[in-house]
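Please look over the protein shown here together with the briefing that accompanies it. The notes are grouped by topic and are meant to be read beside the structure.

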Amino acid sequence: MCSLSPRNSTLILDSGASVSVVSSQIFPYVHNIRRPTSSEVGTAADGHTLSITAEGELGPLQSVLLSDNIRHNCISISQLCDQDYTVTFTNSNVQVTNSLGELTGDRSGGLYTLPVHSFSLCLRR
């Protein structure tokens, strides 16, 4: 098991993200890593630029971008839904469900989070 800081061991479920972007620090959980398909630099919601170093698969998601300078690991809700996952938000948690089971995450400070370890193992097809 790798050593991760609390911030980098958590995934934030982001309804506004068109793609999932995670820190290069969670590299051990990403599979089939390859060079990014585009050499373009991504832009975060707050306007700062992201240097995309690679892309790979995280849990059920393909084409997850890796960045050395992302502040939070963001998982795109639309990418999950495109893979036939159902995402349900409540006032206290989030549930990600598919035909294989369910994973429950927390709501903290207005953000819905899942532990990267659970996401990468429990939701993998």
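Predicted model: local features only at pLDDT ≥ 70, side-chain atom pairs only at ≥ 80, totals over all residues.

Residues are numbered from 1 along each chain as its sequence is written, and side-chain values use heavy atoms, with hydrogens and water left out. The protein has two helices and 12 strands, where helices (H or I, at least four residues) and strands (E, at least two) are DSSP runs numbered from the N terminus.

**Overall architecture**

- Read from the N terminus on, the elements follow the order β-β-β-β-β-β-β-β-α-β-β-β-β-α.
- Of the 125 residues in the protein, 41% are buried, a class that means under 20% relative accessible area, with exposed meaning over 50% and partly exposed in between (1.4 Å probe, protein chains only).
- Among contacts (heavy atoms within 4.5 Å) between residues at least 6 apart in sequence, 51% join residues at least 24 apart.
- The accessible surface comes to about 6,900 Å², and carbon and sulfur atoms account for 48% of that surface; accessible areas come from the Shrake-Rupley method with a 1.4 Å probe, and for residues only the protein chains shown count as cover.

**Strand pairing**

- Two strands pair if DSSP finds at least two bridges between them, and by this criterion strand β1 (residues 10-14) pairs with β12 in the antiparallel sense over three bridges, with Ile12 standing opposite Thr113 in β12.
- Strand β1 is also joined to β8 by four bridges, and these two strands run parallel; here the bridge partner of Ile12 is Cys74 in β8.
- Strands β10 (residues 93-98) and β11 (residues 101-108) run antiparallel and are joined by six bridges, with a hairpin of two residues leading from β10 to β11 and Asn98 standing opposite Gly101 in β11.

**Strand β8 and the cysteines**

- Cys74 is found in strand β8 (residues 73-76) and counts as buried because its relative accessibility is 18%.
- Leaving aside neighbours within four places in sequence, Cys74 is in contact with Ile12, Asp14, Ser20 and Val21; the C-alpha atoms of Cys74 and Val21 are separated by 5.4 Å, although the two residues are 53 residues apart along the chain.
- Asn73 also lies in strand β8 and is buried, with a relative accessible area of 1%, and its side chain reaches the backbone nitrogen of Ser23 at 2.6 Å.
- Cys81 counts as partly exposed, at 38% relative accessibility.
- With a disulfide defined as a pair of cysteine sulfur atoms within 2.5 Å, the count comes to zero disulfides.

**The aromatic pair**

- Rings of Phe, Tyr and Trp (its six-membered ring) pair if their centres lie within 6.5 Å, with planes under 30 degrees apart counted as stacked, over 60 as edge-to-face and the rest as tilted; by this rule the count comes to one aromatic pair.
- Phe89 and Tyr112 form this edge-to-face pair, at 4.7 Å centre to centre and with 65 degrees between the planes.
- The pair links distant parts of the chain, since Phe89 is in strand β9 (residues 86-89) and Tyr112 in strand β12, 23 residues apart.
- Phe89 counts as partly exposed at 36% relative accessibility, whereas Tyr112 is buried, with a relative accessible area of 15%.

- Most residues other than glycine have a negative phi.
- Asn32 has a positive phi of about 50 degrees although it is not a glycine; Asn32 is placed in strand β3 (residues 30-34) and counts as exposed at 51% relative accessibility.
- Asp84, a residue other than glycine, likewise has a positive phi, near 65 degrees; Asp84 is found in the loop between α1 (77-82) and β9 and is exposed, with a relative accessible area of 62%.

How values were computed: Polar contact = N/O pair within 3.5 Å; in protein donor to acceptor, adjacent residues only side chain to side chain.
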